[in-house]
Amino acid sequence: GLERGAKNQFSTFSNFITTINQKKEGIGNRNSPTQLVIPNIKNVRDLPPICLDVRQKQRISIDTLPQELKAPILPEPSLPIRTKTVKDFQDDVEKAKSSGDWKAVHDFYSTTFDSFLEINAAFKKDTNPPFNTIEDSGINAKFVNVVYDALLNTPQDVQKSVLKGIINGLLQEWKGPRTKDDLRAYCILLQNPQFSNTSTYVIYAHLLRQIAALTEADHHFLVHWSKKISQRRFKQLVDRLLQFISLRLFPAKPEEFPPMVKCTWWIPSATKVLALFNAANSLVSPPLISYTDFYNSTLDHIDLMEEYHNWQCYGNSHRFSFCQYPFIISIAAKKVIIQRDSEQQMISIARQSLVDKVSRRQKPDMNMLFLNVKVRRTHLVSDSLDELARKRADLKKKLKVTFVGEAGLDMGGLTKEWFLLLIRQIFHPDYGMFAYHKDSHCHWFSSFKCDNYSEFRLVGALMGLAVYNSITLDIRFPPCCYKKLLSPPIVPCDHNTLVGICDVTLGDLFQIMPELAHGLSELLSYEGNVEEDFYSTFQVFQEEFGVIKSYNLKPNGDKIPVTNQNRKEYVQLYVDFLLNKSIYKQFAAFYYGFHSVCASYALLLLRPEEVEILVCGSPELDMSALQRSTQYEGYQKTDLTIRYFWDVVLGFSLDLQKKLLHFATGSDRVPVGGMADLNFKISKSETSTNWLPVAHTCFNQLCLPPYKNKKELKQKLIIGISNAEGFGLE
């Protein structure tokens, strides 16, 4: 709507910049963090950090602010009386469209946006109540939406009057804390759709700068008010901020913006405001939008390692780094950071090994640069355990696997086969380390006590090695497992500190043991007398090797009845016992195993869901993308058999597509880099067409006989992928 007037809008903002500079000269050397000036480089990073601790990245603890910070009440100035309603405004717009006379609409917009007081007068639900709580912003959201929806369809002079009014509001002298009316005005101005146009970015940048520079208590209000915005408009606000950051980083027309050296504060300001919306999103259950909607894929194309090193060196100081705000970095970018950090650690350790050899006057051996694992197929678990325990100092070297008595060279296939066989054996129910829950289709740690938990450490190390060596594992752990794995994300120096303990809820139990969780949920909602009808105490029973054992959930729990008053405590202690306390030693060994390989500050950047994707891949399948990236051996992509194959596969149900992927690669999930990272290959099998397809999962290779027609290919393919394990038996 603004593109036609972009060339001469505010004389390309020259008048605006002149006004700012005059303002700057008039106030001398005072540097208020909220005054609208274009700062020099020395004070561009004077904004307070929103994420004070990156470990709390997506879970900014706004609710934990002390009470005195939450609601500093300042006297509100009296507001002008404005009586226009939504209906009155809509009638004015309709009359203007039919008559061509926009004066009434122009007057409304120019008056409403002329100052923060006028914005409140127009859009505050009621001018009398103060609306000083986080529960209610006092904003008439319907009126705001109607006014903004109509704005881009008004003449240029109306739109310019709004921008001029916003400039007037931003140029006011601010002294001391903001009033709640000021915060309401900021909340309303952020929703202005004009800020999607690059010609308004100078004004938008100064608005973002003022919001970013607000106190933590003011941010607290904005976060809680923002979570009340509708899902569609919330997404628009986030997308607008992401677009602003992207276009400032890589402008399509650099001449549209001031030189980067004069506006280095643009991106930090926008990112800090985006952090407020991320915090608001995390306070809502379920979230308004997915955490992936905060990813900015443009950052995939900047020097991420420089960002990472700046963050490592300066932490959360005044030196800005995107790593301070990891919610904005995509999982693909985080994988790059982790891999490069891993490579640097690998190179460092290999170099040290080489130096040690030379210093002892020993002949260097290329094998010293790798983690060489030699195992017998008949003693796979025990040999692997011994090798990894014996070579702990080499865990961060590149992995190479050798099967004793076999002449294969590990070009990646043997490593993947080792992972597949080892995981399959360890997670077999007969092995007893993990229990498989059919209702939730996931594994969980066995609570059986034992003398040695080293095998759990082995599984953790395997997961770490998989991340380190970019191998996708076919493991089914619930999301709670990855939350525990990042508790804490950096191994504590004090070995007495508990690890793998996190806050767990009934929702976490639902993802593992849905039937038990449903029973506990029924207990919470039971309307009768809990003590008399359930006759339970704060005690739980577990079967271990055929023996029933009892455990108290709290001291003397066997003597404390569960009542209507204490049942919430009972359920919370029960869930905590099942997911934390009963498996503490098992999970602690697993935790230390994982972090023995993956110890890196890069883990601070990850959400639990992202760790799961790095380990197991993404469940989102795109078979068209697989078709585009597939390589062929003995076939051409135009051959009839190949065309039949893709016609059949693209027509498969999601379940059959997952079976095909599992059949060919050993996992039904996709690596972080997408289908292209699978390096999937279809080879021509010179066997009879009576044979079923064959797969080499170590190489992601499918061997396909040249079937004569589509019906035969579909029939043989479905039989093959549906009976790939246990000869069709469970």
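## Aromatic pairs

In this predicted model, Phe257 and Trp266 are both buried. A search of the whole structure returns 46 aromatic pairs. Phe257 and Trp266 make up one of them, in an edge-to-face arrangement with 5.9 Å from centre to centre and 65 degrees between the planes.

Tyr325 and Phe327 form another pair; their ring centres are 6.3 Å apart and their planes stand at 80 degrees, so this pair is edge-to-face. Tyr325 has a relative accessible area of 1% and is therefore buried. Phe327 likewise counts as buried, at 3% relative accessibility.

## Aromatic cluster

One aromatic cluster is formed by Phe427, Phe434, Trp444, Phe445, Tyr453, Phe456, Phe477, Phe587 and Phe590.

## Annotated position Cys698

An unreviewed UniProt entry lists Cys698 under "active site". Cys698 lies in the loop between strand E9 (694-696) and strand E10 (701-704). Its relative accessibility is 18%, and because buried means under 20%, Cys698 counts as buried. Apart from neighbours within four places in sequence, the residues in contact with Cys698 are Gly413, Lys416 and Glu417.

## Packing of helices H3 and H4

Two packed helices are described by the angle between their axes and the distance between the axes. For helix H3 (residues 86-99) and helix H4 (residues 103-112), the axes come within 8 Å and cross at roughly 135 degrees. H3 is therefore oblique to H4.

On the H3 side, the contact is made by Phe89, Asp92, Val93 and Ala96, and on the H4 side by Ala104, Val105, Phe108 and Tyr109. Seven of the residues in this contact are nonpolar, none is polar and one is charged.

Key. Residues are numbered from 1 along each chain as its sequence is written. This is a predicted model: local features need pLDDT of at least 70, side-chain atom pairs count only at pLDDT 80 or more; totals for chains, interfaces and linings use all residues. Side-chain values use heavy atoms; hydrogens and water are left out. Axes are lines fitted to C-alpha atoms, for helices over the stretch in contact, and angles run from 0 to 180 degrees between N-to-C directions. Helices (H or I, at least four residues) and strands (E, at least two) are DSSP runs, numbered from the N terminus. Angles under 35 degrees count as roughly parallel, over 145 as roughly antiparallel, 65 to 115 as roughly perpendicular and the rest as oblique. Contact means heavy atoms within 4.5 Å. Ala, Val, Leu, Ile, Met, Phe, Trp, Tyr, Cys and Pro count as nonpolar, Asp, Glu, Lys and Arg as charged, and the others, Gly among them, as polar. UniProt positions are given in the numbering used here, feature names are shortened, and annotations may be inferred rather than shown by experiment. Buried means under 20% relative accessible area, exposed over 50%, partly exposed in between (1.4 Å probe, protein chains only). Rings of Phe, Tyr and Trp (its six-membered ring) pair if their centres lie within 6.5 Å; planes under 30 degrees apart count as stacked, over 60 as edge-to-face and the rest as tilted.
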